[in-house]
Amino acid sequence: MPAAALGTAEWYRHFGTVDAPGSSPCYADWSLHIADDPELIARIDQWPYKKRQPLLMLAATRFLGANVSPYPEFRRFLDEHWAEVSRTVMSRATQTNEVGRCATLLPSFGAIAATEGRPLALIEVGASAGLALFPDRYSYEFDDGVTVTRLGPGGSGGLPEPPAPALPDSGPGSPARRLA
């Protein structure tokens, strides 16, 4: 079921029973306890919907120093550090297999390509299904609090249309042919 269709307690329960058990027994346990903690759910419900994500809240607590521990100790940590947890949650976002992560790479890629005087070739090793291989095909906004710089493909913000890659063709046994 999509997260948007779930209430906060159900979202945490789903995360604790479906998403977290295979990768974090601790997060699974904490999420199930949070789902059954109406006072804590009421606090989490004060945040905007997209900030209520179990992974974001749990990662914020670990970032702030919460130990992997039984739930009562974790709950005490939340009570003692709630203001900091809220500030961290409100200033952060999770980033999974989405093209948004390319925004942090694009300035460096541009500087390298400009220094070398030629386009870059990227190889992706990871689980993002190749989405990070095309940073020049997406639009970006960089906001420093004073100005907003927008970059987009095909001249809409200064990013040139990339050339099509040329694959060597050395006959039927070439790597390019085997991969095609």
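This is a predicted model: local features need pLDDT of at least 70, side-chain atom pairs count only at pLDDT 80 or more; totals for chains, interfaces and linings use all residues.

Student: How many aromatic pairs does the structure hold?
Tutor: There are 5 aromatic pairs. Take Trp30 and Phe74. Their ring centres are 3.8 Å apart and their planes sit at 10°, so this pair is stacked.

Student: Which helices do Trp30 and Phe74 lie in?
Tutor: Trp30 is in helix H2, residues 25–35, and Phe74 is in helix H5, residues 71–91. The pair therefore ties together parts that are 44 residues apart in sequence.

Student: Are Trp30 and Phe74 buried or exposed?
Tutor: Both are buried.

Student: Which residues do ring pairs link into a cluster?
Tutor: Tyr27, Trp30, Tyr71 and Phe74.

Student: New topic: charges. What lies over the face of Trp82?
Tutor: Arg43 does, at 4.9 Å from the ring centre. Phe63 has Arg92 over its face, at 4.6 Å from the ring centre.

Student: Now helix H1. Which of its residues are buried?
Tutor: H1 covers residues 8–19. Its buried residues are Thr8, Ala9, Trp11, Tyr12, Phe15 and Gly16.

Student: Where are they around the axis of H1?
Tutor: They cover an arc of only 165°, which puts them on the same side of H1.

Student: Why do residues three or four places apart point the same way?
Tutor: Because an α-helix has 3.6 residues a turn.

Student: And what do the buried residues of H1 pack against?
Tutor: They pack against H2, helix H3 (38–44) and helix H4 (54–63).

Key
Residues are numbered from 1 along each chain as its sequence is written. Side-chain values use heavy atoms; hydrogens and water are left out. Rings of Phe, Tyr and Trp (its six-membered ring) pair if their centres lie within 6.5 Å; planes under 30 degrees apart count as stacked, over 60 as edge-to-face and the rest as tilted. Helices (H or I, at least four residues) and strands (E, at least two) are DSSP runs, numbered from the N terminus. Buried means under 20% relative accessible area, exposed over 50%, partly exposed in between (1.4 Å probe, protein chains only). A charge sits over a ring if NZ of Lys or CZ of Arg is within 6 Å of the ring centre and within 35 degrees of the ring normal. The arc is that of the directions from the helix axis to the C-beta atoms. Contact means heavy atoms within 4.5 Å.
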